[in-house]
Structure formats: structure tokens, C-alpha cells
Amino acid sequence: MSPGARWSRHAPVVVSLLAGAALWELSAHFTTRAFWAPLSETLASLVASARSGVLMRQATSSLGLYLSGLTVAILVGAPFGVLLARVRALRIALENYIMMLYATPMVALIPFILSMMGFGFAPKVLVVFLFAVFPIVYNTVEGARSIRPELIEVARAFRSSEWRLWCDVMIPYTLPFAMTGIRQAIARGLVGMVAAEFFLSPSGLGQMIMMGSQNFDTPGLLAAILLIVVLGVCLMDLGRYLERRFAAWRAYEC
Amino acid sequence: MNDTTGGERPRIVMTGAGKRYDALQVFCDIDLDVGEREVLAIIGPSGCGKTTLLRCIDGLLALSAGEIRIEGERMVAPREGVAMVFQHFGLFPWKTVFQNVAYGLKLAGCPKAEISARVPKYINLVGLAGFEGYYPYQISGGMQQRCGLARALSVEPRVLLMDEPFGAVDAQTREILQFELLRIWEMRPTTMVFVTHSIDEAVLMGDRVMVLQGRPSRVHEIIAVDLPRPRDRATLAMPRFAALRERVWGALMDDARRAEFEVKR
Ligand SMILES: Nc1ncnc2c1ncn2[C@@H]1O[C@H](COP(=O)(O)OP(=O)(O)O)[C@@H](O)[C@H]1O
Ligand SMILES: [Mg+2]
């Protein structure tokens, strides 16, 4: 791509980001400091908390929680999804519950988890897990169920054992569908993380937001929100990348 | 009982073979031997049970009457020495051409060194050299079926089962592939059962053409194809080819016309 072409493609993005930043900066001069602060002060607050080490500590705590919940969700959700697809009776028995839980706004369960498990680290991981696991299960089941019977027949014609059938056919076929679920789980897990940090024992970036709000430290509050936004955007990109990476062949299916 | 050509020992023996799916009797009373170096073409209208019969021969499906033996052994499950080429190609979309061709060898427990020697040989044989690293969705239908053919040939089967292998490719590619297959068969003649619904293809490929007909399907007629081998494009121009073509056409048509004008009740 020539530099000119690259510029004309990226120019609108750059311009819109700069305009957004300018609007943020300027609008703060016409609103009250109680709920809005200019971008420059927000960034300054971000730098200050980074210098003091608070930012690093809180971000690490949040990420630790997030990754724990997400990892458990993937490790439980994907195998469970394949199992459900393969064992018909189990699927029929649990289908309705999974649909119900998938449709339930998980925030509604938080008070219940609080009274059951209290304020430790485990209940918070459980919240992230619950937010993340259902899209993984759901997409994996749908994927494994849609496997083309011809491919299983090919495996049988070449005298595949059940174990090889799983390794050579079931798992590779289901992987891209599981990745779609994982992409959704990446986004929902982040919501779960903030919710857990708000409603269970305050910690991490959620705690930074709450403290900013309680102390009328608007720049600090906005800094934490900005950080979560950036984190979300990066994770979404990562999810999309992973999905594409594993799903190249799906173009062939449809 | 029908004699096999050339008085060889039969490799496939079908006796009273019948298959029903619950209420639907697909075919019955199929008695036929296929010789060691014989190509049996099976032709019949679509839905008459050609795929079902081929699956039974391969041992993927159980018969509901009679039996099918290959090399004396009753076919109750797929066995070594028999390979199938599928109408829908049956390639794994996440595997490259090389990996797809290697699939059968891998399952057969072939050592790595032998796989990496044998796979290129068969990729060359079907004319796919240079495409080893491509995925099925990156190559044409004709090339995909070449890959399916290489996968079946690579296990060096003594019986090759072909289920309308060229039914899903365009007419021109189909002709090219027919002559390629004849060339490959000529190099290593084996037992082949070739299912098709193209009359030309049946006559061009087969030493005999078995016409299936009726509901349930039965062997309506077996037509010996006395065209010389090796066969090639010139075969199509022979007067004998045209005559045999007409015979198969005639055998198929009495039924097809009846079916076309059948009133659904
Ligand atoms: N698994 C199955 N269960 C019930 N009926 C089937 C099944 N597979 C095929 N059939 C029926 O058996 C008949 C023969 O099918 P098939 O062998 O695919 O025919 P062909 O290959 O000659 O087109 C068709 O009427 C089809 O609907
Ligand atoms: Mg068929």
C-alpha cells in the first residue's frame, strides 16, 4: 500500500480520535467538575497513579481475577459443550437450564453469590466464570452438533477408532465454534470482572472507579474508566484475531 | 449367478443382498460377483440405492438380507484393503492436501518416514504436485476430487469403491478426470465398483454395467462391455461404444419413462 493510500484510509480514524479528544477537553470547561474532567487532567491522574504504583497493583488484581474466571470458563465450557453434543440424553436434560442461564442477566445472581460465599476471591472468580461460560458452552454445543455426518463416515470408512475420531474430526471441527464462544466470553467476562469488583469486596479497577466517585476525584474516576475501555478494545481485538486464526476453513462450509 | 469376466476368481461376492430402512425396502436380491481386475459400473436413477449398496459393500452399513463377502470375508465393518471415494469428496477442510492424502495412511499406523515418501507419490499420480500445502477451500472441485482419489489410492487398496466420484464437478472437468482415472487404473488394475448415473461414464469405465431398477431396486440387466482396453478418448468414437450406450439407455429408459409419468397419490 502506498503512503498516500494508507493515509487516506487511516485519516478518518485519526481525525475522529483527535476530534473526540478535543471535544472531551473542551466540554470539561462548560460542565461542573463534580462529574466531568478534561482529558488532560484524566491523563495526568493516570500518570500519577501509575507513578505511585497504585495503578499497577489494581490492574494486576483485576487482570488476575479476569484471567482466572475466563480460564476456568474455557476449561469447563468447551469440553462440557462437546460432551453435551455427543451425549444426547445429557443435552436434552440440560438444554433448558443452559438456555435459561444464558438468558439470565448474571448481575441478578450476585447478591445470591454474596450471601452464599461471602467476600473472598473465589466468589469473584465465580462471577466472572458465570458471565463467561455460557456463550462458550452454547456455541460449542451448536458447533459440535452441526458436524457434517459425511466427515464422520469418511473417518469410519478409513477405520478410525472413536479416540482418533475425536482427535482428527470432532475437536478440529468444533474448535472455530468454540472460538466464537470464547470471543463473546472475553467481552462478557470483562463485564463480570467490573461487576464482581463493585458488588463483592471492592478491588482492582472497579475499586478505583468507586473511590474516585466517593472522593469526588473525577479525573481518577475517568482514568479508571478509560483504562477499562482500552482494555476492552484490546481484548475484543484479540478475540477477533483468535476466531479468525482458527476459522479460516469455515469459509468453505457456507 | 453371473460369471465374472476373464474367468478370474471373484474378489467381491454378493448373495441375495437386500437392505431396508424401517419401512423402505431400498434394494433386494442382488447376486453378483466382481472379479479381481474387473470394473463394475452400477447405474440407476437417483434415489435407487446406489450409495446405500456401496456403503453395504464397504461394511459401513449392515445388510438386512443376504451377505457380501470380500476376499472370502463377510463385510460387517470397513476393512483393510478396501477404500472409498465419496461423491461429496469428504475432505477435511482444516487439513491441507498433503494431510488429507496422509489421513488413511496415518490411521493405518504407517510410520512417518513411509508416509512422507508415499504421499507425494500419490499426489503426483493424480496431478496435484505443487498443491500439497493448499486447503480444500482454496482449490477447485476437480482438484478436491483428485485429492480424494489420492487419499483412497495411497492405502493401496485391492478394492476401490467409487460413489459418483465425478458427479459434483462440471462436465469438462468430469471428462478429464474420467481419462485420468482410466490411466491410473491401467497402471495398477484392481477391483473397482464405480457408481454413476451417467450412461457414457458407465460404459466408458465398466467391464460390465449393472442396471438397477424398480421399487425396491433389483438387478434389471447386466451388460458386458466388450470395448478394448486401454480405453481413452478414441473409445468414445467407436461404433461399439455407441451401440452399448444405446443398450444401457434402453434398459434405463423403460423404467425412467414410467417414473416420469407416474402420478403421485
Ligand atoms: N439413513 C437413511 N435412513 C432412511 N432412508 C434412507 C437413508 N439413507 C438413504 N435413504 C433412502 O434410501 C433411498 C436410496 O438412497 P441412496 O442410496 O442415497 O440412493 P442413490 O445413491 O442411488 O441416489 C432413498 O430413497 C433415500 O431417501
Ligand atoms: Mg448416491
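Predicted model: local features only at pLDDT ≥ 70, side-chain atom pairs only at ≥ 80, totals over all residues.
Helices and strands here are DSSP runs, a helix having at least four residues and a strand at least two, numbered from the N terminus.

Let's begin with ligand 1. Which elements of chain B each supply at least two residues of the shell around ligand 1? They are strand 2, residues 24–35, and helix 1, residues 50–58. Helix 1 of chain B gives the largest share, three residues.

Now find the shell on the structure. Tyr21(B), Leu24(B) and Val26(B) are among the residues around the ligand. Then comes a run to pick out by eye: Ser46(B), Gly47(B), Cys48(B), Gly49(B), Lys50(B), Thr51(B) and Thr52(B) also belong to the shell. By class, the shell has four nonpolar residues, five polar and one charged.

Look at the oxygen atoms of the ligand next. One oxygen is 2.8 Å from a polar backbone atom of Lys50(B). So far, backbone. For Cys48(B), a polar backbone atom is again involved, with a ligand oxygen 3.3 Å away. Thr52(B) uses its side chain: a polar atom there lies 2.5 Å from an oxygen of ligand 1. How much of the ligand does the protein cover? On its own, ligand 1 has 570 Å² of accessible area, and the protein covers 59% of that.

Next, the place where chain A meets chain B. Chain A brings 20 residues to the contact, and chain B brings 25. Together the two chains bury about 2,200 Å². Carbon and sulfur atoms account for 67% of that area.

What about charges? Side chains of opposite charge can pair when their charged atoms come close. Between chain A and chain B, the count is two salt bridges. One of them joins Glu153(A) to Arg55(B), with the closest N and O atoms 2.5 Å apart.

Helix 7 of chain A gives the largest share, seven residues. Sorted by class, this side of chain A has eleven nonpolar residues, one polar and eight charged.

Between those two helices of chain A there is a loop, and Arg159(A) sits in that loop. What is the phi of Arg159(A)? Phi is near 65°, a positive value in a residue other than glycine.

Zoom out for a moment. Over all chains, the count is 32 salt bridges. One of these lies within chain A, between Glu95(A) and Arg91(A), where the closest N and O atoms are 3.9 Å apart. Both residues lie in helix 4 of chain A, residues 88–103. They are four residues apart, about one turn of the helix.

Last stop: two prolines in chain B. A cis peptide bond joins Arg215(B) and Pro216(B), with omega about -5°. Where is Pro216(B)? Look in the loop between strand 9, residues 208–213, and strand 10, residues 218–224. Further on, Arg229(B) and Pro230(B) are also joined by a cis peptide bond, with omega about -5°. Pro230(B) lies in the loop between strand 10 and helix 7 of chain B, residues 233–236. Mind the letters here: that helix 7 belongs to chain B, while the helix 7 with seven residues at the contact belongs to chain A.

Terms used:
Residues numbered from 1 in each chain as written. Chains lettered and ligands numbered in written order. Heavy atoms only, no water. Contact = heavy atoms within 4.5 Å. Buried area = accessible area lost by both parts, 1.4 Å probe. Salt bridge = Lys/Arg side-chain N within 4 Å of Asp/Glu carboxyl O. Nonpolar A, V, L, I, M, F, W, Y, C, P; charged D, E, K, R; others polar. Near = heavy atom within 4 Å. Polar contact = N/O pair within 3.5 Å; in protein donor to acceptor, adjacent residues only side chain to side chain. Areas by Shrake-Rupley, 256 points an atom, 1.4 Å probe, with all protein chains shown as cover.
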